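Have the viewer ready and follow along.

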Amino acid sequence: MTDTTVDNTTERTAVDFWFDPNCPWAWMTSRWVGEVERQRPIDVTWHVMSLFVLNEHQDVPESYRERLAAGQVYPRIVTAARLRHGDQIVKPLYDALGEHIHHRQEQDPEQVVPAVLAELDLDADLVEYAWTDEVDQAVRASHQDGIDRVGQDVGTPVIAVEGTAFFGPVISPAPKGQDALDLWDGVVAVAKYPGFFELKRSRTVGPIFDTTA
């Protein structure tokens, strides 16, 4: 196979990525997209979505619904920071949250949120938005923007490449180097076919993390 690691083209490709910071599978996919971004002329804009919003009208166990509701603190804090500081803060905040939530397996958002705000030198008062519904309308608007592109019966993440949107891929571990580019080219090519809807097999491993942002 021809090595396409170095891409000297000047044309930029617009990519949008919707994530819920709680989801380990979205985190894995985001690490892959970051690897592609380091090697290809793509410009990724990062957006929040919400597993709570996605499932609020679904028939799910009450314990799961309560866990999703508690997890709203993370989409809220990302949204609050974006509203105050702009889109450019979303990816650094997602990276920092993911390090605590997924790599370090820290379970208490009352510790995670203030720690991440301090690491990024963000205003400490942003923490107040995590436990109120003040930015929920903006969370829902961002979520709906992603879902409208793929339909309700999906999850997180959602990726859009110049108008072609898809859920996933669900991967573990996140590929690197040429493997990352090969997967990117294949996924985008499949998604561009208008009649393509689903490709799936049973997962045999859980999320395999590393610390590459």
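Let's begin on the surface, where Val-190, Tyr-193, Phe-196 and Leu-199 form a nonpolar patch with about 430 Å² of accessible area together. Patches here are made of residues with over 30% relative accessible area and no salt bridge, with nonpolar side chains (Val, Leu, Ile, Met, Phe, Trp, Tyr) joined within 5 Å and like charges within 9 Å. Accessible areas come from the Shrake-Rupley method with a 1.4 Å probe, and for residues only the protein chains shown count as cover.

A word on the source: this is a predicted model, in which local features need pLDDT of at least 70 and side-chain atom pairs count only at pLDDT 80 or more, while totals for chains, interfaces and linings use all residues. Residues are numbered from 1 along each chain as its sequence is written, and side-chain values use heavy atoms, leaving out hydrogens and water.

Phe-196 sits in the segment after helix H8 (177-192). With 32% relative accessibility, Phe-196 counts as partly exposed; buried means under 20% relative accessible area, exposed over 50%, and partly exposed in between (1.4 Å probe, protein chains only). Helices (H or I, at least four residues) and strands (E, at least two) are DSSP runs, numbered from the N terminus.

Now for helix H8. Its buried residues are Ala-180, Leu-181, Trp-184, Val-187, Val-188 and Ala-191. They cover an arc of only 135 degrees around the axis, so they lie on the same side of H8; the arc is that of the directions from the helix axis to the C-beta atoms. Among the elements that cover these buried residues are strand E1 (13-19), helix H1 (24-39) and strand E2 (42-48).

Which salt bridges are worth a look? A search of the whole structure finds 13, each being a side-chain nitrogen of Lys or Arg within 4 Å of a carboxyl oxygen of Asp or Glu. Here are three of them:

| Pair | Closest N to O |
|---|---|
| Arg-40 and Asp-185 | 2.9 Å |
| Arg-84 and Asp-123 | 2.9 Å |

Arg-40 forms its salt bridge with Asp-185. Because Arg-40 lies in the loop between H1 and E2 and Asp-185 in helix H8, the pair ties together parts that are 145 residues apart in sequence. Arg-40 is buried, with a relative accessible area of 13%, whereas Asp-185 is partly exposed at 34%.

Conventions:
Contact = heavy atoms within 4.5 Å.
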